[in-house]
Amino acid sequence: MEKNSATLNTIQREWWKEAIIYQIYPRSFKDGNGDGIGDLNGIITKLPYLKALGVDVLWLSPCFKSPNADNGYDVSDYEDIMDEFGTMADFDHLLHEVHELGMKLILDLVVNHSSDEHRWFKEARKSKDNPYREFYIWRDEPNDWISFFSGSAWTLDPLTNQYYLHLFVAKQPDLNWENPALRQEIYKMMRFWLDKGVDGFRMDVIPFLSKDTTFADFPEGRKNDLTYYANGPKIHEYLQEMNAEVLSRYDCLTVGEGFGVNAGQANLYVGKNRHELQMIYHFDHAVPRGEEHFITPAPEFNVVQLKAIFSKWDTALGDDGWQNIYWGNHDNPRVLSRFGDVGAYRIESAKMLATLLFTLRGTPSIYQGDELGMTNCTFENMEEYDDIQVKNAYQSLVFGQKKEASTFIKACNQIARDHARTPMQWTDAENAGFTAGKKSWLKLNPNYKYINAAQAQNDPNSVYHYCRALIQFRKENPVLVYGNYEDLLPDDPYLWAFRHSLEGFSLMIVANFCGEIQPFPLLNPGERTSLLIGNYKEEGIKDALRPYEVRILRCWE
């Protein structure tokens, strides 16, 4: 067996590499005042639950003041709290309680764009010579760029008869990072939160900050390719400036959302000597959600493709960079509905996917509810959807292009973001224990009657308790963090088997991604193994894996 030459004595250990991140979508996590909308005080009541799970860092999706055109990702005041979520005093209380429990809190930094209700934009549109005009991007004529949320990425402002850029919804005008005054305002805001005690930032669409200032049409062969917006000519200049002026002056965690960043570009953002970010997460295994996919969803990734994606990124990052590993977040459907079984093997497949999350090389992020095995929710009609991307695509495709509404709804039930945003399922009581009010802001998944936190905490064989055990196992086995990653069966269509090795210590993880028994080949003649963790209660078949079975094995010769 090949030994890894690295040892824990020669590796620079980093707390953020060994941490477990948990994403909270505040609107859907826990309602503390009965208005049907999650809030900061609701989160506070559930901190003991998160501490018991074993998480180290809470990532809070945007809680800043916002008119909610895109559920908080349209910020109207970066230094205030959304009215629906509470007050700054509530936030300070939350931060204090998080720290008292020994956890950390990071915020979503949304600085590619603001809300059109931000005071900067209100001033900017008053006149072409307003001091805030150059905080945004204006042109006399639009190019052919399109919005992520359908239609042109340019909107005419009648007050000054110029178009402003918005890569997302029209109420989210893009900020002009070419302007040093704008950058200094952003850095000032970041220091405001870090001085308050916040422990870092998850950075929304961070590769988009730099634009091609010629604003030419899409290049030949890249028509409507939205990854074209990423990796602009000054992106690393801006991030290095941000690091020098803010990030390097604090002990803080930085996670970059890497849409449009390929594996070969990753270490430009997170390389040890780049002085930019600590980790990045990619979109190579995320659900494609261009407008066309709301009629014909892209085929789901198969096991061979998934393995190739993770191997590619692990190799590209090497010992120089680091990544954030995730299955789900607020922008993707539930992982169990994508890669697991929501029927007879729901619990086994949820545990199998959790095992991969906590054993692949990188810092894992749990999306709220995945530790319970939450699934997609069936939406019956457009009135049940909230997501602005769905609503805009519906207007464009069904009304604008006369596509069938039933086809559109069917596609949404596979790819829409609202599947991840249905309220957290706390109990089997009315409204899933999410709210004491009469109605939640978004439809509840009816399966809360049997998938909920109370049931999971009372069942020692639940997905929740399995995740707790995995988190503890990861913390006790740094080989999972610092050991090398070796894909053992890259071409097997059903089994995902890989090995981590460090200091002569080797762990092998093997997972069956299908609902049929699969033979498990002997990988190294003469190698002995012992089972450390498995997702079935009963003893398994020695040379085969049951449906969705996963095993963590200690290996030695």
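**Figure 1. Surface and overall dimensions of the predicted protein model.** The accessible surface of the protein comes to about 21500 Å², with 49% of that area belonging to carbon and sulfur atoms; accessible areas come from the Shrake-Rupley method with a 1.4 Å probe, and for residues only the protein chains shown count as cover. This is a predicted model, in which local features need pLDDT of at least 70 and side-chain atom pairs count only at pLDDT 80 or more, whereas totals for chains, interfaces and linings use all residues. Residues are numbered from 1 along each chain as its sequence is written, and side-chain values use heavy atoms, with hydrogens and water left out. Along its principal axes the C-alpha trace spans about 75 × 55 × 50 Å. The radius of gyration of the protein is 23 Å, which agrees with the value near 24 Å that a compact globule of 557 residues would have (taken over C-alpha atoms; the globule rule is 2.2 Å times the number of residues to the power 0.38).

Figure 2. The secondary structure comprises 18 helices and 20 strands, which are DSSP runs numbered from the N terminus (helices H or I, at least four residues; strands E, at least two). Of the 557 residues, 59% are buried (under 20% relative accessible area, with exposed over 50% and partly exposed in between; 1.4 Å probe, protein chains only). Among contacts (heavy atoms within 4.5 Å) between residues at least 6 apart in sequence, 72% join residues at least 24 apart. There are 57 positive and 79 negative side chains, and the centres of the two sets lie 2 Å apart; Lys and Arg count as positive and Asp and Glu as negative, without His and the chain ends, and each charge is placed at NZ of Lys, CZ of Arg, CG of Asp or CD of Glu.

Figure 3. N324 is found in strand 12, residues 324-326, and counts as buried because its relative accessibility is 3%. Its side chain reaches the backbone oxygen of T363 at 2.7 Å and makes a polar contact with the side chain of S365 at 2.9 Å (a pair of N or O atoms within 3.5 Å; within protein, one must be able to donate a hydrogen and the other to accept it, and residues adjacent in sequence count only if both atoms are side-chain atoms). Leaving aside neighbours within four places in sequence, the residues in contact with N324 include I21, V255, M279, I280, Y281 and P364.

**Figure 4. Close-up of R125 in a loop.** R125 lies in the loop between helix 6 (119-124) and strand 6 (138-139), and at 26% relative accessibility R125 counts as partly exposed. Not counting residues up to four places away in sequence, R125 touches R133, W138, D157, L159 and T160.
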